[in-house]
Amino acid sequence: MTQSFRSKVVTRRTYNRPLNEEGTIFETWPETVDRVIGHQQWLWERALGKRLDFGQVTELEELRRLMLARKCSVSGRTLWLGGTDVAKTCEASQFNCSGTAVETVYDVVDTIWLLMQGCGVGAKPMTGQLTGFRKEIEVETIRSTRKDKGNPDNVEFIRDGIWTIRIGDSARAWAKAVGKLIIGKHNVDKVVLDYSEIRPAGTRLKGYGWICSGDAQISKAFNAIAAIFNKRSDQLLTKMDILDLENWLGTILSSRRSAEIITLDYGTSEWEDFVEAKKEYWKCNQCGYHLVPDDQGKCPECGAEDTNDHRQQSNNSLLFWEQPSREQLEDLFERMLDAGGSEPGFINAAAATKRAPWFTTFNPCVEIILPNKGFCNLVEVNLAAFPDTPEGRADLGRALEVMARANYRQTCVNLDDGILQESWHANNAFLRLCGVGLTGIAQAPWITAEYLSLMRQVAQHAANDMADELGTPHSKNVCTIKPSGTLSKIMDCSEGLHTPLGKYIFNWIGFSIHDPLVLKLASAGYDNMPKPADPETILIKLPVSYEGCEFTDVDGTEVNLETAIDQLERYKMFQLNWTDHNTSVTISYDPSEVPAIIDWLEENWDVYVGVSFMYRNDPTKTAKDLGYAYLPQEVVTKEVFEAYTATLKEVDIDTVNSHEEIDDGGCGPLGCPIR
């Protein structure tokens, strides 16, 4: 299968690590795969306590060939960090998904630490232990003017009624600094948050390989967190305070997307405030100004700090422990439509518990059912890469075996990293949660319910077989479906369970303003623009076309007009026949379909765990037609598509800087939008 230019660009900027300090020479795809295979070998040999034998080495070569052909992939975290020193010392960096109750200072430190490892966090606020400052105090900020690296450790002292926290220039220091800020209940008049040790933005972090965001985001976030503690001086934090605290922590890294979900039980205290947490988050709460706040979180119109822009950071979802009434569902959809059609999300917690008795929360896109202090690492199989022939089906079966075994080996980690609480390691050692996923589903219409059940048995057996070889516990859950944005882009297939919006699409993908690839693409004719509300990101228009999917011709434009019920029925088929955890999918809908959706939910509540609902735009309309600054995916006619691609020049991407996860639209309340 010929690799598209979009696939090459996304691979380069997302997964090919730089090979020199200047960031001018990068891995090739085979070199990236070699690094991943080396990491798999390291995990396997450590778990065995000896060198691999010939058969085991041969299996790793099978994994290598599958990845080189882009038929399968390990997680994006492992593609980027696998085989590095970071992956061997901060092993949480290899996980896509994590979940925790947030009740203590230690829980908060865990969440920022995981976000800085690139791990998405699901959090459930719990009141009772987190409190504000002892009394309201003045907050002073000292910004960094450094041109190089600073002291990696925090320095804290109190003199003359002034409490100073000088934040160190390292991920560990940032995580611990949050703990110092939360736990400090000093009888002082002022706290000084000193960022002078933090290196400048735009420099590359040698270990992680990401681009440093400097002190702009962390200073903004810590000031906002201090304001929460002042507001609640000598009081317990509320659940909404904890939501804001977690959301601010999720904004600290501008160099990658820090994915979060916050869950709350329906009907408990603050649930209605929670439902409206993100309503009109882009407005100033004082004057109603519509533009985003400045870099210190203040409204540029009136100077107020009363803004909720940070709340877009998380998906917010209600947990139902009993089946909601029709009136409750109607109320939820009315609230969703009032807020733009997608939030609040709602989850069947009883069904989640039936699938996973350890259930406390979910990962940000809700494909993994997680305990309090739980992890999961994901792998993916591209169904579109396997033809509907006896040989193709045999190859698919073997690919599932190889990937499930590789996935299980990713659970063989030591999570005692000096930051995380011990329960993270203990839960992983017991549950061994895997996440064997499928993508390219819309391009494999030959997949039936019966065949899915067979595939599920193959994956489960393979993961358990790997456990038996190592003498470790079986994985408690193996199969899932994730939204699969980035990996599907590099594998040139449709994304997860979604049917593409149309056959011919202009995909606006975000790149860091520090990424020299932007200039190369612009000079080659690729349209670009600043991302609205995000001064750190440039959007580039990359063309992509999808073959093998069914579309409807509307006035010359081939578009996806699937009904919400058709999408839900496909979700149901995978829930019943493939998925152990949950099937993450975004259901696009029109308000006129809400009664039918509620009918479906009433009939299938026991099957339903959670999906994302997103208001369906007319795919034949432009961003201007719909009143948006841009559309992450813009459906066009074949003629418009070919006219644009004809203007594009070839680009040498081998000597440009690339480093981060793409972010072309973010996640909905229970899953990532179709991209």
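This short report looks at cysteines, a strand pair and a helix pair in a predicted model.

## Ground rules

Since this is a prediction, local features need pLDDT of at least 70 and side-chain atom pairs count only at pLDDT 80 or more, while totals for chains, interfaces and linings use all residues. Residues are numbered from 1 along each chain as its sequence is written, and side-chain values use heavy atoms, leaving out hydrogens and water.

## Cysteines on their own

A disulfide is a covalent bond between the sulfur atoms of two cysteines; here it is called when a pair of cysteine sulfur atoms lies within 2.5 Å. You'll find zero disulfides in this structure. For C412, the nearest cysteine sulfur belongs to C434, 9.0 Å away. C479 also has C434 as its nearest, at 9.1 Å.

Are C412 and C479 buried or exposed? Buried means under 20% relative accessible area, exposed over 50%, and partly exposed in between (1.4 Å probe, protein chains only). C412 is buried at 12%, and C479 is buried at 0%.

## A covered strand

Helices (H or I, at least four residues) and strands (E, at least two) are DSSP runs, numbered from the N terminus. In strand β20 (residues 586-589), T586 and S588 sit on one side, I587 and Y589 on the other, and all are buried. In a regular strand the side chains alternate between the two faces of the sheet.

Strands pair if DSSP finds at least two bridges between them; β20 and β21 (residues 612-615) have four, in the parallel sense. One of these bridges links T586 to S612.

## Two crossing helices

Helices α2 (residues 29-48) and α15 (residues 449-470) have axes, lines fitted to C-alpha atoms over the stretch in contact, that come within 9 Å and cross at roughly 45 degrees. Angles between N-to-C directions run from 0 to 180 degrees; under 35 is roughly parallel, over 145 roughly antiparallel, 65 to 115 roughly perpendicular, and the rest oblique. So α2 and α15 are oblique. In contact (heavy atoms within 4.5 Å), W44, A47 and L48 of α2 meet M466, E469 and L470 of α15.
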